[in-house]
Amino acid sequence: MNHYFHFEKPAVPTMEPARGTMKLWEMEEDESYLKYLYPQITQQINEFVEDSCDQMEYEGSLMFDLYPDKTALRIMASGIEKEFRKKYPDSYTQEGTLLRDMIEVVLFHEIMYRRNRYRNHKRLYL
């Protein structure tokens, strides 16, 4: 007995999330490797920046605002600088604002990275 059954294709999501997930993993690997290449002082700064950003990584955070407030970000950088100077008091003592500038660059880069990761993660599940 030969029966022919016709099955409709089930409504299954496409494979895009898997490809998107691979891109997220690639982005994570790239980010990790490039941070490994940072000069020692930048790696030290990055530890403080990551800790600060970890505390700010929640829904509705300043970090995820469409246009984060510059003053609030500079206050955040100032707090990071104070914590950094407690642990490394002899770093960049005579260079004026160089340490603060470096902290801001690393902070803004980390925020940009986390914003992109957050947006891409949300797209996987929409």
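Predicted model: local features only at pLDDT ≥ 70, side-chain atom pairs only at ≥ 80, totals over all residues.
The secondary structure consists of four helices and zero strands, and from the N terminus on the elements run α-α-α-α. Of the 126 residues, 30% count as buried. Among contacts with a separation of 6 or more, 68% are between residues 24 or more positions apart.

In soluble globular proteins, nonpolar side chains tend to be buried together. Here the largest nonpolar core has 21 residues, and those touching the most other members are I45, V49, C53, F84 and L107. Helices α2, α3 and α4 are the elements that give two or more residues to this core. I45 illustrates the packing: leaving aside residues up to four places away in sequence, I45 touches F84, L99, M102, I103 and V106.

Aromatic rings form a further set of links. A pair of aromatic rings is described by the distance of the centres and the angle of the planes. A search of the whole structure finds five aromatic pairs. One of them joins F48 and Y88 in an edge-to-face arrangement, with 6.3 Å from centre to centre and 75 degrees between the planes. This pair links distant parts of the chain, since F48 lies in helix α2 (residues 40–56) and Y88 in the loop between α3 (70–87) and α4 (98–124), 40 residues apart. F48 counts as buried because its relative accessibility is 15%, under the cut-off of 20%. Y88, at 19%, likewise counts as buried. Ring pairs also bring in F84, so that F48, F84 and Y88 form a cluster.

The loop between α2 and α3 contains L62, a residue that counts as buried at 17% relative accessibility. L62 and L73 are eleven residues apart in sequence, and their C-alpha atoms are 8.5 Å apart in space. Residues up to four places away aside, L62 touches M56, P68, D69, A72 and L73.

Charged residues come next. Side chains of opposite charge can pair when their charged atoms come close. The whole structure holds twelve salt bridges. In one of them, E50 pairs with K35, the closest N and O atoms being 2.8 Å apart. The two residues belong to distant parts of the chain, with E50 in helix α2 and K35 in helix α1, 15 residues apart. E50 is partly exposed, at 26% relative accessible area, whereas K35 counts as buried at 11%.

A second salt bridge joins the side chains of R114 and E57, at 2.6 Å from N to O. It connects helix α4, where R114 lies, to the loop between α2 and α3, where E57 lies, and the partners are 57 residues apart. R114 counts as buried, with 4% relative accessibility, while E57 is partly exposed at 31%.

Because R85 and E81 are four residues apart in helix α3, about one helical turn separates them. R85 is partly exposed at 25%, and E81 is buried at 12%. Elsewhere, salt bridges that share partners join E28, E31, K35, E50, D54, E57, E110, R114 and R117 into one network.

Finally, the surface. The protein exposes about 9,600 Å², of which carbon and sulfur atoms supply 56%. Y33, L34, Y36 and L37 make a nonpolar surface patch of about 480 Å²; of these residues, Y33 is placed in helix α1 (residues 16–36).

Notes:
Residues numbered from 1 in each chain as written. Heavy atoms only, no water. Patch = residues over 30% accessible without salt bridge, like charges linked within 9 Å, V, L, I, M, F, W, Y side chains within 5 Å. Areas by Shrake-Rupley, 256 points an atom, 1.4 Å probe, with all protein chains shown as cover. Salt bridge = Lys/Arg side-chain N within 4 Å of Asp/Glu carboxyl O. Phe/Tyr/Trp six-rings, centres within 6.5 Å; stacked < 30°, edge-to-face > 60°. Buried < 20%, exposed > 50% of the residue type's maximum accessible area, 1.4 Å probe, protein only. Core = buried A, V, L, I, M, F, W, Y, C linked by side-chain atoms within 4.5 Å. Contact = heavy atoms within 4.5 Å.
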